[in-house]
Amino acid sequence: SEMCIRDRISKMLRYLIEVKEIENKIKKEHEMEREIERTVSDSRVETVHMVRPNHMNAAGRLFGGQLMQWLDEVAGLVAKRHIRGNVITASVDNLRFIHGAYQGEMVVIIGKATYVGNSSMEVRVDTYVEHLSNGMRYPINRAYFTMVGLDEKDKPCRIPRLTIKSEEEKAEWEAAEKRREMRMHRRKEGF
């Protein structure tokens with residue numbers, strides 16, 4: 001009977017060791033997957049919205065809060081495509097309203113990765129009004145979002161690198177580094 005108990009304990013310990021080895025293997029594969037590099041075009045997102053009466057503010061223009069929701073959704077989709085995991089919005093910078101949008105107009109929102117750190121990334125989101133008569137797009141807004149990759153326990157995690165392929169992407173990266181420095185300085189100053 002004592003021998004049976006020892007045998008069962010031994011089998012249970014071997015089983016627990018095997019489970020731990022499998023968990024470590026899965027964790028290692030997950031970490032390796034996050035080391036993959038991705039390009040700007042891999043995570044680019046474009047959405048189109050029709051401005052409807054329920055999107056209007058008292059002045060007859062697209063409500064800024066509605067646009068901010070759409071922008072945050074696009075930034076989140078860009079980050080999710082890049083990270084292929086869960087993300088959270090950490091901050092929004094330079095939310096500039098250049099021009100209003102009105103009922104019946106099509107709002108086109110384009111998001112793309114501009115910079116990637118260890119656990120966070122910057123996403124540029126541009127908004128245009130597209131005129132149905134000529135197909136021309138006119139800018140109405142630009143914003144920069146800082147998105148953070150999260151692991152299974154909702155803790156910041158390492159995210160894939162960003163491969164820069166063009167001079168335009170390189171210029172965006174360098175500008176994003178400057179914005180990041182300004183964000184860090186503002187945080188240090190208590191803003």
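Two residues are in contact here when heavy atoms of theirs lie within 4.5 Å. With that in hand, welcome to this structure, which is a predicted model.

**The overall picture**

Let us start with the fold. The protein has three helices and seven strands. Read from the N terminus, these elements follow the order α-β-β-α-β-β-β-β-β-α. The radius of gyration is 23 Å, well over the 16 Å that the globule rule gives for 191 residues, so the protein is more spread out than a compact globule. The C-alpha atoms fill a box of roughly 85 × 35 × 35 Å along the principal axes.

How much of the protein counts as buried? Of its 191 residues, the share is 37%. The accessible surface comes to about 12400 Å², and carbon and sulfur atoms account for 54% of that area. As for charge, there are 34 positive and 30 negative charges, and their mean positions are 2 Å apart.

Contacts also tell us how the chain is arranged. Taking those between residues at least 6 apart in sequence, 72% join residues at least 24 apart.

**An aromatic pair and its surroundings**

The structure holds one aromatic pair. Its members are Y115 and W173, whose rings are tilted, with 4.5 Å from centre to centre and 50 degrees between the planes. This pair links distant parts of the chain: Y115 belongs to strand β4 (residues 106-116) and W173 to helix α3 (residues 167-189), 58 residues apart. Y115 has a relative accessibility of 11% and counts as buried.

Another residue to look up here is L162, which sits in strand β7. Is L162 buried or exposed? Its relative accessibility is 10%, so L162 counts as buried. Leaving out residues up to four places away in sequence, L162 touches R38, T39, V40, H82, A113, T114, Y115, V116 and W173. Both members of the aromatic pair, Y115 and W173, are therefore among the residues that L162 touches. Between L162 and W173 the C-alpha distance is 9.6 Å, with 11 residues separating them in sequence.

Helix α3 also carries E169. With a relative accessible area of 18%, E169 is buried, because buried means under 20%. Which residues does E169 contact, leaving aside its neighbours within four places in sequence? They are V40, T163 and I164. E169 and Y115 are 54 residues apart along the chain, and their C-alpha atoms are separated by 9.2 Å.

**Two residues with positive phi**

Most residues other than glycine have a negative phi. R84 has a positive phi, near 60 degrees, and lies in the loop between α2 (64-83) and β3 (86-97). D154 is not a glycine either, and its phi is positive at about 60 degrees. Its place is in the loop between β6 (137-150) and β7 (161-163).

**Accessibility side by side**

The table gathers the accessibility of the residues discussed above.

| Residue | Relative accessibility | Class |
|---|---|---|
| L162 | 10% | buried |
| Y115 | 11% | buried |
| E169 | 18% | buried |
| D154 | 49% | partly exposed |
| R84 | 52% | exposed |

Notes. Residues are numbered from 1 along each chain as its sequence is written. This is a predicted model: local features need pLDDT of at least 70, side-chain atom pairs count only at pLDDT 80 or more; totals for chains, interfaces and linings use all residues. Side-chain values use heavy atoms; hydrogens and water are left out. Helices (H or I, at least four residues) and strands (E, at least two) are DSSP runs, numbered from the N terminus. The radius of gyration is taken over C-alpha atoms; the globule rule is 2.2 Å times the number of residues to the power 0.38. Buried means under 20% relative accessible area, exposed over 50%, partly exposed in between (1.4 Å probe, protein chains only). Accessible areas come from the Shrake-Rupley method with a 1.4 Å probe; for residues, only the protein chains shown count as cover. Lys and Arg count as positive and Asp and Glu as negative; His and the chain ends are not counted. The place of a charge is taken as NZ of Lys, CZ of Arg, CG of Asp or CD of Glu. Rings of Phe, Tyr and Trp (its six-membered ring) pair if their centres lie within 6.5 Å; planes under 30 degrees apart count as stacked, over 60 as edge-to-face and the rest as tilted.
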